[in-house]
Amino acid sequence: MSALSPARISRVLPDSIAAEIGFEPGDAIATINGLPLRDLIDYQYLCADEFLTLAVVDGQGKRHEVEIEKDYDEDLGLEFETALFDGLIQCNNRCPFCFIDQQPPGKRESLYYKDDDYRLSFLYGSYLTLTNLTTREWERIEQMRLSPLYVSVHATDPEVRSHLLKNHRAGQILDQLRWFQARQLQIHAQVVVCPGINDGPQLERTLRDLAQFHQGEVPTVLSAAVVPVGLTRFRPDQDELTPVTVAKAQEVIPQVQALQSEFQQTLGSTFAWLADEWFLIAQRELPPESHYEDYPQIGNGVGSIRQFIRDFAQECDRLLPPALAQPQSWLWVVGNAVEQAFQPLVARLNQVEGLRVELFPLRSDYWGQVITVTGLLTGQDLIAGLANHGNPSPILLPSVMLKHDETRFLDDLTVAEVSDRLHRPIFPVAGIEDLLKRAIRDSVPIALIPPAPSPKKGAGEPD
């Protein structure tokens, strides 16, 4: 971590305390009640008081002191450029399946940041390995009750996990889980299955070990997600990894389902969850919506398709008229992983008189993937897939393909550049409501519209 920097404000919410005082974007908070801020966690914790003294640095670099009296836990109405004011804690592992290392060189710098930061895990549900935490950081997790965290376990066998992460500290995972257990802190676990390394008996051992921590009134391990390893054509040579095949997916699904049945009997919960991708790869029907309990692993794509289909139907009933005053025609671009699952959704859209939506599923030749989730499609994939497509309709583009709050794909092409190459307008849509409202609006564009801010997981299609 780097030295502390003032927390720079990116937005002041209208009608908030901060707006009333006169805060502006570009101002920065140096301290609250004399204490410097390491991150958004410190900010939220210190702002819970009723009396605040803020040291503020304005956009011209002048320092001011601002005193605030407010209700306990009342929000100031500030948003910041970053959640981490002292820099990102980066990963010290060398996992061969790391997506960061499976990207081509020469793209924007932020694509190569290896996040292994417990604060982002607590705030946003990103996964960390626990291998790089200092004593001070373990103490902070305990003192501030930062729970639940999201932990990439992969294997509980010390040798297997150390081999996977290429880090001897990785073998401490069971001791670390006992640390959480002793303090009644909780985690959600993730297991990325790499065929030939942590599958088969190792996968069963891992899930059984994790299930032992799902006991008592405050279970330590709340849930575990089983995810197939994702590989790209840019991955390093001799990485020991084997892609997940149809046969492997058809092997893993019944193995985990047998454990799910056992856990239902002994724990009262399915506990170990299969990511939707397993069923897509295996070409099998997804479990029913009732299977997913309260969707504890939705961020890992566990049940995200079923949830999306349910929410889509509800929003269609609420938003779609029986007919349009002016005919509309669209191409809805998605990853081919959801091609079959989304056919009923397109059929529902086309029940509206005057509305014509064509689902256009794409695979990513950029990444070299046969089955591709929507969030990994790039601008180059759109250009290659749609260049000779006969339907001239404008494109509905799930903004999960784009960098947050921007119009840039993972390959650094922008929406405007892809639109120019395809000679058709592109409309980024963030979520189901945005997609439906755009589909029934006048489709003759004045200019390309920027995407609405995308939620943490998924937009226009589940992750």
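Where in the chain is the place of Lys 166? Lys 166 sits in the loop between H5 and helix H6, residues 173-182. Lys 166 is not a glycine, yet its phi is positive, about 55°. With a relative accessible area of 26%, Lys 166 is partly exposed.

One caution before I go on. This is a predicted model.

Now the overall picture. The protein chain has 463 residues, and 53% of them count as buried. Its secondary structure comes to 14 helices and 14 strands. Take the contacts between residues at least 6 apart in sequence: 69% of those join residues at least 24 apart.

Next, the cores. The largest nonpolar core holds 92 residues. Which residues have the most contacts inside it? They are Trp 278, Phe 312 and Trp 332. Helix H8, residues 246-267, gives this core its largest share, six residues. A second, separate core has 25 residues, including Leu 40, Leu 46, Ile 68 and Phe 85.

Leaving aside residues up to four places away in sequence, Trp 278 touches Val 193, Val 226, Val 227 and Pro 228, among others. Val 244, Ala 249, Val 252 and Ile 253 are also on its list.

H7 covers residues 201-211, and its axis comes within 11 Å of the H8 axis. The two cross at roughly 20°. Angles under 35 degrees count as roughly parallel, so H7 and H8 are roughly parallel to each other. The crossing is right-handed. From H7, the contact uses Leu 203, Glu 204, Leu 207, Arg 208 and Ala 211. On the H8 side, the partners include Val 252, Val 256, Leu 259 and Phe 263. By class, this contact has eight nonpolar residues, one polar and three charged.

Phe 312 brings in a second pair. Phe 312 is one of the H10 residues in contact with H14. H10 spans residues 304-319, and H14 spans residues 431-439. Their axes are 10 Å apart, at an angle of about 40°. That makes H10 oblique to H14. This crossing, too, is right-handed. Other H10 residues in the contact include Phe 308, Asp 311 and Glu 315. H14 brings Ile 432, Glu 433, Leu 435, Leu 436 and Lys 437.

Pro 36 is in strand E3, residues 35-36. Its relative accessibility is 43%, so Pro 36 counts as partly exposed. Pro 36 and Phe 85 are 49 residues apart in sequence, but 9.7 Å apart in space, C-alpha to C-alpha. Asp 73 lies in the loop between strands E5 and E6. At 55% relative accessibility, Asp 73 counts as exposed. From Asp 73 to Leu 46 is 27 residues in sequence and 9.5 Å in space, C-alpha to C-alpha.

Last, two more backbone points. Most peptide bonds are trans. The bond from Ser 147 to Pro 148 is cis, with omega near 0°. Pro 148 is in the loop between helix H4 and strand E7. Phi of His 154 is positive, near 70°. Is His 154 buried or exposed? At 3% relative accessibility, His 154 counts as buried.

Methods
Residues numbered from 1 in each chain as written. Predicted model: local features only at pLDDT ≥ 70, side-chain atom pairs only at ≥ 80, totals over all residues. Heavy atoms only, no water. Core = buried A, V, L, I, M, F, W, Y, C linked by side-chain atoms within 4.5 Å. Buried < 20%, exposed > 50% of the residue type's maximum accessible area, 1.4 Å probe, protein only. Helix = DSSP H or I, 4+ residues; strand = E, 2+ residues; numbered from the N terminus. Contact = heavy atoms within 4.5 Å. Axes fitted to C-alpha atoms, helices over the stretch in contact; angles between N-to-C directions. Parallel < 35°, antiparallel > 145°, perpendicular 65-115°, else oblique. Left-handed = near helix turned anticlockwise from the far one by under 90°. Nonpolar A, V, L, I, M, F, W, Y, C, P; charged D, E, K, R; others polar.
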